[in-house]
Amino acid sequence: MLNQEKRKQPQGENSIYKVSHLNLWYGDFLALNDLTFDIQEKEVTAIIGPSGCGKSTFIKTLNRMVELNTNVRTEGEILYHDENIFGDAIKVETLRTQVGMVFQKPNPFPKSVFENVVYGPRIHGINDKNKLMEIAEISLTNAALWDEVKDRLHKNAYDLSGGQQQRLCIARSLATEPDVLLMDEPTSALDPIATYKIEELIDQIKKDYTIVIVTHSMQQASRISDKTAFFLMGELIEYDKTEKIFSSPADQRTEDYITGRFG
Amino acid sequence: MPLFFIVAALISILTTLGIVTTLVVDASKFFAVVPLGEIFSTNLAPLRAENPTFGFLPLLTGTLITSMIAMVVAVPIGLTAAIYLSEYASAKKKKWLKPIMELLAGVPTIVYGFFAYSFVTPLLMNLIPSLNAKNALSPGIVMGIMIIPMVSSLSEDAMESVPHVMREGSLALGTTRLETTLFVVIPSAISGIVASFILAISRAIGETMIVVIASGSSKNLTFDVTQSMQTMTAYIVEFTSGDAGSGTVGYYSLYAVGLLLFLFTLAMNLFAQYIARKYREEY
Amino acid sequence: MNVETSMKSFQQQKANHINNTSSAKTKSYFESEQAKDRLARRILLDRVLQKVFFLSTIFALLVLGILLQRIIGNSIGWLNLDFLTGRLSINPDKAGISGAIIGSLWLMSVVIPVTLVLGVSTAIYLEEYAKNPKLKNLINTNISNLAGVPSVIFGLLGLTVFGRLLGLGSSVLAGGLTLSLLGLPIVVVSSQEAIRAVPGFLREASYAMGATKWATIRRVVVPTALPGILTGAILAVSRTIGETAPLVVLGIPTLILKSPQGVMDDFTTLPIQIYYWTLDTVLTREYANLAAATIVVLMVVLLTLNASAIIIRNKFQRRY
């Protein structure tokens, strides 16, 4: 019933998110305009577009973090595993446990490396010391950070470099075993080597997680993503396989953007 | 012209020096007569014609007990109000709640004194029949109410200075606002929050009119909050507004008490500044 | 329509989905029933405590309400024109507070100019002239510590220095100078903030036209910072006009039969009047009503002052 409207390509069997007719306002300002598309499970979806196009707002809507801003109003629906995330059936806390998020600037807590990683599991009720240690090791290993920090687990997270802090934040998200990882320009504050490490990490974990990444860098989008969505002024202009978008975009505006004519 | 400005600026230094000199000079006249050991005794009878005694312990306990009652009221209410204003309240709610807090902070202490004596004490008498008309409980509670806005606004400032990205990091892991507040915001703001408590104690110790009016001037050492107790500030007021003539030991004793009071509050204020500066978190 | 069937298919779909995920992934603690129950409790606790925290905040409002209701209630029937214009009397029915009103006004006539001149000058020195960072730091620390000294200590200072040493006794001048020192930190801090907020380009424009430093301060900096300075001055007045303890220590009496004619005369003030009437309610019950009526007058004055401070602050905020 719901999926009968014409959806932007591509459509798949395993969509984890189904966005339909999503509008979002900040006060009177329409920041997202009638978005309708699906996000596939176990794929990397990149969202590109010039500053202010709504890509950050969109990704923050997927785990309802956008509601931390004042005066936000939404219309339409986003189905996550076929449940409307704005409905009563799914609590925002549950949603955010299953949908992790990594932010633009690394934001570890002013605690030890270990305490950062087990922060989520602890609050969700795991108290067993060995179990927590196990979670920390697995999460840090998955975030390609274990070898670098295993001898300083109880040192302050702020002693790590920027790139390490960002991988720590990824480990912190992985510790609650999410299905989806949202990444809001995760490398914009990092140097090229740290950026490379994060991209490599994304490549390693994408078989187990659905990843939605907002990026300013078109090279990054083309390197790491399976699908790419191009946003412009709150609208979804084009959404397709990444090779297609970067080789032969269907829309003139997409082509103008990726060839650097504006943005 | 700059010379005039320098002189003006130095007046504030002169004020501090004036306070210290005044207190030290006249207190030393007191200590020249009264041995230091005596002030730690429990016997306070400054107006006795023969052999007046100056044990300040009743004043110290009176001050401490009323201040502690005030803290028991002000800390939980002030801190939870700060949590609400900083972490839960919408911008709209904040817009009318904060001015009310400010209004409460602007009420003169004499008005609180009247309120304690003519409203809170009779109210408490219904609950505790043995309550004395002058007692430590009622002014303690009212002092606590007076201090709520101070604890609340300073703690709120401390919590609001915790970067927003910290909260986002926690909330994005599926924690509730309460958990984010308890495990991220408060630990990060703890130095500012503790500093606000210390400043509040200092304020309670130095508060005068509420205790003068509602706690009376009993100089007996007691821990019974239903009884009258005299605080250090109330002692100073009692002595200056009346009976002890200038030049007597009794007159100089109020400078000794003043010096103690000054040192207590100064130490607290410096300690609060030290904590706020030393343990400021880096993000 | 067949709502039932569509519901059924929906639930089936959901069940299928759960099966899918659990087979794809080893069953995680975070999806266990235990974690779900716990989450429900956690969310409940959050929502309940949110209400508790709100009540805590509202408590302030409640107390303020009771206080005002109590005081206004007590003052009804007592607060009238005769009360405002009448002189002090032992007979409660005839007592008035004209003496205290005039005394408070005289007191402010000393406090306002002294705190303004000293406070603004100190702020100008600290913000515009002070070169030695150590001295600047010393004065700043000193001022913030002075703000934390109990007012009763200022009373002792006033009693010793102004009252006895300078022989001013319990005159308007002695009281005014004492309270000026008390209000000084408020004016200094808010003037400093106001001066610091004056944008650099205004200063530069003045210097570019060849103005001296003093001329720039007098014609550009101070006028631009004036709203902030005034706000601070009003707050200092509203703080000092309600002060009681330092004046009691200075020995300001309540029974003044002649209103003060100058700064060297004895005087009484509204808070002092409230103080003695409150103390004497033991003797005469109606004194509580007189105290309440005087409090209403004092509170109206304070509210007016604070409201005007807010209006000035809002009206002149950042116009450049």
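## Exercises on a predicted model

Of the 263 residues in chain A, 49% count as buried, meaning that 20 or more other C-beta atoms, placed from the backbone, lie within 10 Å of the residue's own. This is a predicted model, where local features need pLDDT of at least 70, side-chain atom pairs count only at pLDDT 80 or more, and totals for chains, interfaces and linings use all residues. Residues are numbered from 1 along each chain as its sequence is written, while chains are lettered from A and ligands numbered from 1 in the order in which they are written.

**Exercise 1.** Describe the overall build of chain A.

*Solution.* Start with the secondary structure: chain A has eleven helices and ten strands, taken as DSSP runs (helices H or I, at least four residues; strands E, at least two) and numbered from the N terminus. Next, its radius of gyration is 18 Å, close to the 18 Å of the globule rule for 263 residues, so chain A is as compact as a globular protein of that length. The radius is taken over C-alpha atoms, and the rule is 2.2 Å times the number of residues to the power 0.38. Finally, the C-alpha trace spans about 50 × 40 × 35 Å along its principal axes.

**Exercise 2.** Trace the open sheet that holds β1(A) and β2(A).

*Solution.* First, a general point: strands of a sheet pair through backbone hydrogen bonds, either parallel or antiparallel. Here, four strands of chain A follow the order β2-β1-β4-β5 with antiparallel pairing; strands pair if DSSP finds at least two bridges between them. At the edges are β2 and β5 (83–84) of chain A, each pairing on one side only.

Now look at one pair. Strand β1 (residues 15–26) and strand β2 (residues 29–40) of chain A are joined by eight bridges. S15(A) stands opposite Q40(A), and W25(A) faces L30(A). The two strands form a hairpin with two residues between them, and G27(A) in the turn has a positive phi of about 65 degrees.

**Exercise 3.** Find what chains B and C bring to their contact.

*Solution.* Count each side: 63 residues come from chain C and 64 residues from chain B, with contact meaning C-beta atoms, placed from the backbone, within 7 Å. On the chain C side, helix α2 (residues 33–75) gives the most, 18 residues. That side divides into 43 nonpolar, 17 polar and three charged residues. Nonpolar covers Ala, Val, Leu, Ile, Met, Phe, Trp, Tyr, Cys and Pro; charged covers Asp, Glu, Lys and Arg; the others, Gly among them, are polar.

Note on methods: Buried ≥ 20, exposed ≤ 12 C-beta atoms within 10 Å, placed from the backbone. Contact = placed C-beta atoms within 7 Å.
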